[in-house]
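Here is a friendly note to read with the model open beside you. It takes up the cavities and then a few helix pairs.

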Amino acid sequence: MPTYHQGLPKLPLPDLKDTMDMYLRCVKHLLTEEQFNKTQKIVKQFEAPGGVGELLQSKLVEKREKTANWVFDYWLNDMYLNNRVALPVNSSPVMVFPQQNFRAPIDSLKFAAHLISGVLEYKALLECSHDLPVDCARGQLAGTPLCMEQYHRLFTSHRLPGLEKDKLVAQESSMMPEPEHMIVACKNQFFVLNVVINFCRLNERDVLIQLEKIKEMAESGEDRLPPVGLLTSDGRTEWAEARSILMRESMNRDSLDMIERSMCLVCLDEASGPELSDTTRAMLMLHGGGAAKNGGNRWYDKPMQFVVGEDGCCGVVCEHSPFEGIVLVQCTEYLLKYMIGSPSKLVRAASVSELPAPRKLHWKCSPEIQKRISSSADKLQRLVKNLDMNVHKFCDYGKEFIKKQKMSPDAFIQVALQLAYYRCHGRMVSTYESASTRRFRKGRVDNIRSATPEALAFIRAMTDGKLSSKKMRMLREAITAQTNYTVLAISGMAIDNHLLGLREIAQEMKMEKPEIFKDAAYLISNHFLLSTSQVPTTVEMFCCYGPVVQNGYGVCYNPQSDHIIFSVSSFHESPETCSAEFVKHLLQGLQDMMDLCNECSTDPNTAERRKGPTLDHAVGGLCSNECFCASVFLKSKYRL
Ligand code: COA
């Protein structure tokens, strides 16, 4: 078993006092005065010498000594495994490929065969870890190597539903054989595609032949089995219950085992309808269009589901617990580049021997299971109706314009998102931006709390009709604050994981839940009405996901040199949100911010300020007194 994090430092543990100070700073402007005063008192008590906070912190210090990553399990459980919501839309992000132009059904099978060949090449690289180049951080704190552990789980894991908590089942031992089959879903039926036969990897032509056989079997109408895959789209507890009923039959146990141990799924989808805009394809990728379309042609527990639609709607649906979107992008980009760069090998000579037909998986479905499938279908349908999606390609400028202003493109976009939310809703709310902690052993992500007081000051200045020079100064301060928090988070010194660790270790010690975690401020600060993430790509495609709370937005963005793709999601059932309205304000805000930059760039008095927050500046001298200075924090507290 290769080690994917050799030589990387352990995730640091921030000081208790620093986290408490930062926590108060982050929540102050999101609370009423009364709420904040109460929180301040609670925090003071928590961090007092000899108090609960110190005790919990000392236990975390011990945990850090003993484990590769002190927050890994806490985070995985909290973020995914304890979460009971249905995976489609709520949890599983998707990558949407460019629209494919398939003229005939065979074209989609050829595409799938080419893709599968790419997967096999990529998997071979993964198996020889030294062949997979180690990722290196770009952007802020560029150049450091990143933990590669998540890659190992791409094709060797699955999420097992549990009544109270799911389990991430990942192959941990090199004693276990790597899976040598994929599952192909077609018309809600599941087939075993062995990709290694007689110790030989199938070539692309053989794969195509097998896919044709699968399509024929699925279409024959004989022995059409119920759409069992729909059960995996249900809430996790409901699916766990249904799965335990399925498990009573040995035939079902065998089918479940084959799916769960497979490398991945390839979903051969039927055409979904005439209009395939980016927004439509994003929605179809997120939920499959419900039971009436391809919603049952999925197995949501598998981390990688490659979707190939007859209508050219293609992409990847990803179960999120084993890895982050960035790892998914790296893998997907490899595949698309492989497909562009290596011509399809279908013309090669026929394979040496006649291949056995792929095996169809069978299910014994009791009336109880049938009932549950139809209940899962209803719930998926509600999700389909509920999803309010809006994908927009903003073409007025991209990250090059922002870099020319000597600003961080990511921070700039985050401030624009704050402005958009404020203009939509007249207030600022707790915001999540994922920040990679892969600079550390087994690192996943922490949260950049983008709703900074500096962003609020800028937004108010934009709304109050202040002088442009003042607005520009405030924009720079907002960007500096955002950039500083980013550096803090990617250095493992942000507050969310630390607070989670303190909360969870208290529970482990069977202590009564500390007051700080029962306080309204904690609940408000963890209700992320705006959940955001940068997922950049170097190949034409985009990522999207749903909101994490019923009345919130999910915003995924992909900054390119001269444009930015935004995927905004919310739920129709919430009377507070509207994705189109959010996008409208976002575009207006980006326009206003560009105008502001252009206007101020002609003002000679702003020349000095225009140097802006380069990384050195961001972590150094540019911070105003009020603006949290990450460099001081990092230099004095960074314990690796
Ligand atoms: N002046 C000029 N250029 C600047 C600048 C400034 N002040 N600040 C940054 N830049 C440049 C950077 O050098 C970089 O250049 P490059 O494109 O040539 O590499 C570029 O702008 C982008 O930097 P920035 O916008 O600051 O962001 P980043 O790339 O460092 O990304 C995060 C910031 C938080 C998104 C990133 O650190 C991260 O954690 N990504 C993972 C997110 C994730 O996990 N997503 C998936 C969740 S499922």
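**Notes on cavities and helix packing**

1. The largest cavity has a volume of about 70 Å³. Please keep in mind that this is a predicted model. Searching the whole structure gives 5 cavities of 30 Å³ or more.

2. Which residues line the largest cavity? They are Asp269, Glu270, Ser272, Leu284, Met285, Gly288, Asn294, Arg298, Val307, Gly309, Asp311 and Cys313. Sorted by class, this lining has 4 nonpolar, 4 polar and 4 charged residues. Two elements, helix H10 (278–287) and strand S9 (304–309), each contribute at least two residues to the lining.

3. Now to the helix pairs. Two packed helices are described by the angle between their axes and the distance between the axes. For helix H1 (residues 16–27) and helix H17 (residues 496–508), the axes come within 10 Å and the crossing angle is roughly 115°. Angles of 65 to 115 degrees count as roughly perpendicular, so H1 and H17 are described as roughly perpendicular to each other. The crossing of H1 past H17 is left-handed.

4. The contact of H1 with H17 comprises 5 nonpolar and 2 polar residues, with no charged ones.

5. H17 also packs with helix H4 (residues 72–81), at an angle of about 95° and with the axes 10 Å apart. H4 and H17 are therefore roughly perpendicular to each other. From H4, the residues in contact are Tyr74, Trp75 and Asp78. Their partners in H17 are Asn497, Leu500, Gly501, Arg503, Glu504, Ile505 and Glu508. By class, the contact of H4 with H17 has 4 nonpolar, 2 polar and 4 charged residues.

6. How are helix H15 (residues 453–463) and helix H16 (residues 468–490) arranged, at what angle and how far apart are their axes? The angle is about 155°, and the axes of H15 and H16 lie 8 Å apart. Angles over 145 degrees count as roughly antiparallel, and H15 and H16 are therefore roughly antiparallel to each other. Their crossing is left-handed.

7. H15 contributes Glu454, Ala455, Ala457, Phe458, Ala461 and Met462, while H16 brings Lys471, Met474, Leu475, Glu477, Ala478 and Ala481. The contact of H15 with H16 holds 9 nonpolar residues, 3 charged residues and no polar ones.

Definitions and conventions:
Residues are numbered from 1 along each chain as its sequence is written. This is a predicted model: local features need pLDDT of at least 70, side-chain atom pairs count only at pLDDT 80 or more; totals for chains, interfaces and linings use all residues. Side-chain values use heavy atoms; hydrogens and water are left out. On a 1 Å grid over the protein atoms alone, a cavity is a set of points where a 1.4 Å probe fits but cannot get out, and a pocket is an open set with protein on both sides within 12 Å along at least five of seven lines; lining residues have an atom within 4 Å of a point. Grid points are joined across faces, edges and corners, and a volume is the space filled by probe spheres set on the points. Helices (H or I, at least four residues) and strands (E, at least two) are DSSP runs, numbered from the N terminus. Ala, Val, Leu, Ile, Met, Phe, Trp, Tyr, Cys and Pro count as nonpolar, Asp, Glu, Lys and Arg as charged, and the others, Gly among them, as polar. Axes are lines fitted to C-alpha atoms, for helices over the stretch in contact, and angles run from 0 to 180 degrees between N-to-C directions. Angles under 35 degrees count as roughly parallel, over 145 as roughly antiparallel, 65 to 115 as roughly perpendicular and the rest as oblique. A crossing is left-handed if the near helix is turned anticlockwise from the far one by less than a right angle, and right-handed if clockwise. Contact means heavy atoms within 4.5 Å.
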